Amino acid sequence: MSNKNRTMGVVAALGTAVTAIGTKGSVVGAAAEAAAPAVNKTVEVVNEMLEERKRLVAVPEVGDSNFPLSLEQATELINKNSLEVISIAISITDADKKYRNYINNQVVETKPKVGQKVEPGSSVLVKYITQEVIDESKRIYEENENQKAQRAQERLEKKAQKAQKAKERSEQKAQKAQEQLEKKTQKAQRAQEQLAKKTQENPEQEKSKQKINDIFGTAKKKVKDISSHLHKQKDVEITMDETEENSST
């Protein structure tokens, strides 16, 4: 009998018990009387299920990549657990970089899964990998790594180009500033040359300017001498006046 049928039997027994409880006059007595068959049925079902579980066998561990097993080794182990094997190679379209380090005919997975309980004599589908798929998986992995390296190189090149452009802009600014400084220096030099040229072309004007300065200096000195002389004369007159006043007295 299947688990489903047993469960339906338990439900039916419990339904009968509930109905009986509703129709009996004494609730306690009716409950005890009605529940007895259901309880017995439940115990019977549980015992049968326990016995069945004892009969079930678990699918052995055959697909652990850390402890790889070949199809031959996995078949032997599964058969020892009273199970049959149906083997199938994975398709080339299932190639993946995770399979690149697998060995030829290595078991990849099982259905039912490892550890699942099944009836003795059940068939277990075992998927394994071929060298062709392993080679394709390696190619996929190498291609991905090359693409990563290429993208990394492109990022480096972009950074280098960006740094080069920044350097060129800085050099252009420095060059422009240098050119402006040179223009200002040349302009100042031309102005100095023009001034020197004018001085050389008009020596008489420079002499006249110097002569005027000399005359102005001489005149200024004479004015100072006259002013000093006047002060001295005034002091003499004041002294004479004081002498005359003293004499009169």
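In which sense do strand β2 and β5 pair, and over how many bridges?

Guide: The model is a predicted one, in which local features need pLDDT of at least 70 and side-chain atom pairs count only at pLDDT 80 or more, whereas totals for chains, interfaces and linings use all residues. Residues are numbered from 1 along each chain as its sequence is written, and side-chain values use heavy atoms, with hydrogens and water left out.

Strand β2, residues 84-89, pairs with β5 in the parallel sense, and six bridges join them. Strands are DSSP runs of E with at least two residues, helices are runs of H or I with at least four, and both are numbered from the N terminus; two strands pair if DSSP finds at least two bridges between them. Strand β5 also pairs with β3, residues 107-111, this time in the antiparallel sense over four bridges. V126 in β5 has S87 opposite, and T110 also stands opposite V126.

In a regular strand, side chains alternate between the two faces of the sheet. Buried here means under 20% relative accessible area, exposed over 50%, and partly exposed in between, with a 1.4 Å probe and protein chains only.

As for the setting, the protein chain has five helices and five strands, in the order α-α-β-α-β-β-β-β-α-α from the N terminus. Of its 249 residues, 15% are buried.
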